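Trainee: Could we go through this one together? I'd like to take the strands slowly and then move on to other things.

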Amino acid sequence: MSEEYGPNFVTLTDEEGNDIELEYIDALEHNGTTYMAFFPVVEEGEEENEDEYGLIILKSETVDGEEMLANVVDEINEVYALFMEQMLEDEEE
């Protein structure tokens with residue numbers, strides 16, 4: 001993804017009504033599903049805890065005709081490896 005125009009941010013609302021701000025990193029298609037990678041936004045002055053601020057991978061699903069982002073469970077290791085491979089390729093270019 002080009003940084004020419006700056007990063008893209010999205011705000012998601014979890015099941016408990018909490019807003020989570022994420023920085024969009026990249027997307028890929030695998031086995032007919034679109035996966036998106038994000039990093040949580042760390043507010044200025046907030047201490048970054050590596051356990052809480054790692055790469056977040058979500059998949060796009062259509063529920064009742066509405067597109068939603070859902071957790072990736074079963075295929076997380078496979079999709080994570082694909083994102084890492086894609087990111088390394090982007091760095092080499």
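Predicted model: local features only at pLDDT ≥ 70, side-chain atom pairs only at ≥ 80, totals over all residues.

Trainee: OK, and how many bridges pair β3 and β4, and in which sense?

Mentor: Strand β3, which covers residues 33–40, pairs with strand β4, residues 56–63, over four bridges in the antiparallel sense. Further along, A37 has I57 of β4 opposite, and F38 faces I56 in β4.

Trainee: What order do the strands of the sheet take?

Mentor: The sheet is an open one made of five strands, in the order β1-β2-β3-β4-β5, and its pairing is antiparallel. At the edges stand β1 (8–13) and β5 (66–71), and each has a single partner strand, so one side of each is left without a neighbour in the sheet.

Trainee: And by what angle are neighbouring strands turned against each other?

Mentor: On average, and ignoring direction, neighbouring strands of this sheet are turned by 45° against each other.

Trainee: Which strands does helix α1 touch?

Mentor: Helix α1, residues 76–92, packs on the sheet and touches β2 (19–30), β3 and β4, with its direction making about 85° with that of β2.

Trainee: Back to β2 for a second, how many bridges join β2 to β3?

Mentor: Eight bridges join these two antiparallel strands, β2 and β3, and E29 has T34 of β3 opposite. In their hairpin, two residues lie between the strands, and N31 takes a positive phi near 50°.

Trainee: What about β4 and β5, how many bridges there?

Mentor: There β4 and β5 run antiparallel and are joined by six bridges, and V63 has E66 in β5 as its bridge partner. The hairpin of β4 and β5 also has two residues between its strands, and in this hairpin D64 is the residue that takes a positive phi, near 55°.

Trainee: Changing topic: how many aromatic pairs does a search of the whole structure find?

Mentor: The search finds one aromatic pair.

Trainee: Why is the pair of Y24 and F38 called edge-to-face?

Mentor: The ring centres of Y24 and F38 are 5.9 Å apart and their planes are at 70°, so the pair is edge-to-face, since planes over 60 degrees apart count that way. The pair links distant parts of the chain, with Y24 in strand β2 and F38 in strand β3, 14 residues apart.

Methods. Residues numbered from 1 in each chain as written. Heavy atoms only, no water. Pairing = 2+ DSSP bridges. Axes fitted to C-alpha atoms, helices over the stretch in contact; angles between N-to-C directions. Contact = heavy atoms within 4.5 Å. Phe/Tyr/Trp six-rings, centres within 6.5 Å; stacked < 30°, edge-to-face > 60°.
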